[in-house]
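Notebook open, model loaded. I want to look up what ties this chain together, and I'll jot things down as I go.

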Amino acid sequence: LGIALYPSPMDSTGAATAPLLMTTRRPPAVFLFFLLLVLSATSPLVSAGRSRSSSSSIPRLGVTAPRGVLGITHSKNVNVDAAAAETTPHSPIGLQTYYYNQTLDHFSFTPGSYATFPQRYVINFDHWRGGSSGAPIFAELGAEASLGNDVGAVGFLPENAPKFGALQVYIEHRFYGNSVPFGSQGEALKKATVRGYFNSEQALADYAEVLLHVKKSLKAENSPIIVFGGSYGGMLATWFRLKYPHIALGALASSAPILYFDDITPSNGYYSVITKDFKETSETCYHTIKESWAVIDRLASHKEGLAILSKKFRSCKTLTVEGVEALKSQLDSIYCVAAQYNRAPPNFGLQKICDAIDHNKPTSGGNTTTHLLDRIFAGIAAYSGIDTGCYNYTGDDGSFSAETLSGWDWQASYT
């Protein structure tokens, strides 16, 4: 947890993330829309967010909270995988899933660059007034996850589409979900001739092609396009407006770390915000977490200490030195996810962890060190909702899919 909660940065490579700006009030939709129209002539509307440049410990950037322990509730049940695989929008009734025959490489002229792959996108026609009316098109630019995570979960588009008679378009990012060239993501990442096409520049060109195709197919050439995205998706929305201003009239980017690059934003910015969040929630909780890192390291340095850690954290098998590193990485992930996707207390996030840590009572015969570990584990158990059984510490908290983790590792490290 940054400078304060962590004795040193968690990321051994020295990479870090941008501050997360959390807001509690949202301006009226009408005001936002017209503000976008005014500002889009010169620049997109953006806010700061979170990013890292290293691999295995990089937090996911998507706008929707992770699956699993955070209990995301979708506004409507949508099975985009089961929808009809069409290539041309034609049926203005509800949600429709389509596949566009996308170009693999938009920027070179080698024989292989002309290869294509099916790219998935979903259209919600519910509130659209039609192309002839000039009603806008709201486009959500997919980020580092399957499209199924966004459709029905991103509230801004369906909440505001009725007011403007807008068409809603959700486009899947290449190499995720059903939009992976040449098979599975795992196989694609093994091939040097394929994985180089897995980058944001190619993804932006994908979105440009799909949106132009949608406008043409629906005879909506006069419909203005506003692109949306959160975190990494917000970065894409911002860059899309800058690079394709003839396609997007405006962009709304939520928590988009567009300034998180070398020599612009402090390298410890993200963890500083996480630390501040915990400290504001509970000073006692903050100090307990801060002290726990040194205690865990000290116990991990000898065999008896490893046995104590295994018992206190209810590990399914005795922890090794490598296992303790996975434990610490998992604690890191839990704290970060709790803060980044914080929900109303006491059911989720920071308050739930800190209440459990602060209210845990010492066990008989324990000492200060073991009681501190009891308190840390109480926070984990409260957050996960698992009170019985043992725990497998693998280095992440299980909040994100394997596809998202492996895909984001590649993107953050090499693209």
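This is a predicted model: local features need pLDDT of at least 70, side-chain atom pairs count only at pLDDT 80 or more; totals for chains, interfaces and linings use all residues.

Are Cys285 and Cys354 buried or exposed? I looked, and Cys285 is buried, as is Cys354.

Residues are numbered from 1 along each chain as its sequence is written, and side-chain values use heavy atoms, with hydrogens and water left out.

**Entry: disulfides**

I found two disulfides in the structure, counting a pair of cysteine sulfur atoms within 2.5 Å as one. Such a link is a covalent bond between the sulfur atoms of two cysteines.

Cys285 and Cys354 make one of them, with sulfur atoms 2.2 Å apart. The torsion about their S-S bond is about -70°, so this disulfide is left-handed. It links distant parts of the chain: Cys285 sits in helix 9 and Cys354 in helix 12 (residues 349-359), 69 residues apart. For helices I take DSSP runs of H or I with at least four residues, for strands runs of E with at least two, numbered from the N terminus.

Cys316 and Cys390 form a disulfide too, with 2.1 Å between the sulfur atoms. Cys316 is in the loop between helix 10 (303-312) and helix 11, and Cys390 in the loop between helix 13 (368-384) and helix 14 (402-414), so the pair ties together parts 74 residues apart in sequence. With 90° about the S-S bond, this link is right-handed. Cys316 is partly exposed at 34% relative accessible area, and Cys390 is partly exposed at 47%.

Counting bonded cysteines along the chain, I get the pattern 1-3, 2-4. I also checked Cys336, which is buried at 3% relative accessibility.

**Entry: salt bridges**

How many salt bridges are there? I get seven, taking a side-chain nitrogen of Lys or Arg within 4 Å of a carboxyl oxygen of Asp or Glu.

I looked up Glu172 and Arg120, whose closest N and O atoms are 2.6 Å apart in a salt bridge. Glu172 lies in the loop between strand 4 (167-171) and helix 4 (185-190) and Arg120 in strand 2 (residues 116-124), so the pair ties together parts 52 residues apart in sequence. Glu172 is buried at 1% relative accessible area, and Arg120 is buried at 0%.

Next came Glu280 and Lys276, a salt bridge with its closest N and O atoms 2.6 Å apart. The two are four residues apart in helix 8 (residues 269-281), about one helical turn. Glu280 is exposed at 56%, while Lys276 is partly exposed at 46%.

Asp297 and Lys328 form a salt bridge as well, at 2.7 Å between the closest N and O atoms. Asp297 is in helix 9 (residues 283-299) and Lys328 in helix 11 (residues 321-340), 31 residues apart. Asp297, Glu325 and Lys328 are linked in a network of salt bridges.

**Entry: helix 3**

Which residues of helix 3 (residues 156-164) are buried? I noted Phe156, Leu157, Asn160, Ala161 and Phe164. Seen down the helix axis, they fall within an arc of 125°, so they line one face of helix 3; the arc is that of the directions from the axis to the C-beta atoms. After helix 3 comes Gly165, with a positive phi near 60°.

Notes: Buried means under 20% relative accessible area, exposed over 50%, partly exposed in between (1.4 Å probe, protein chains only).
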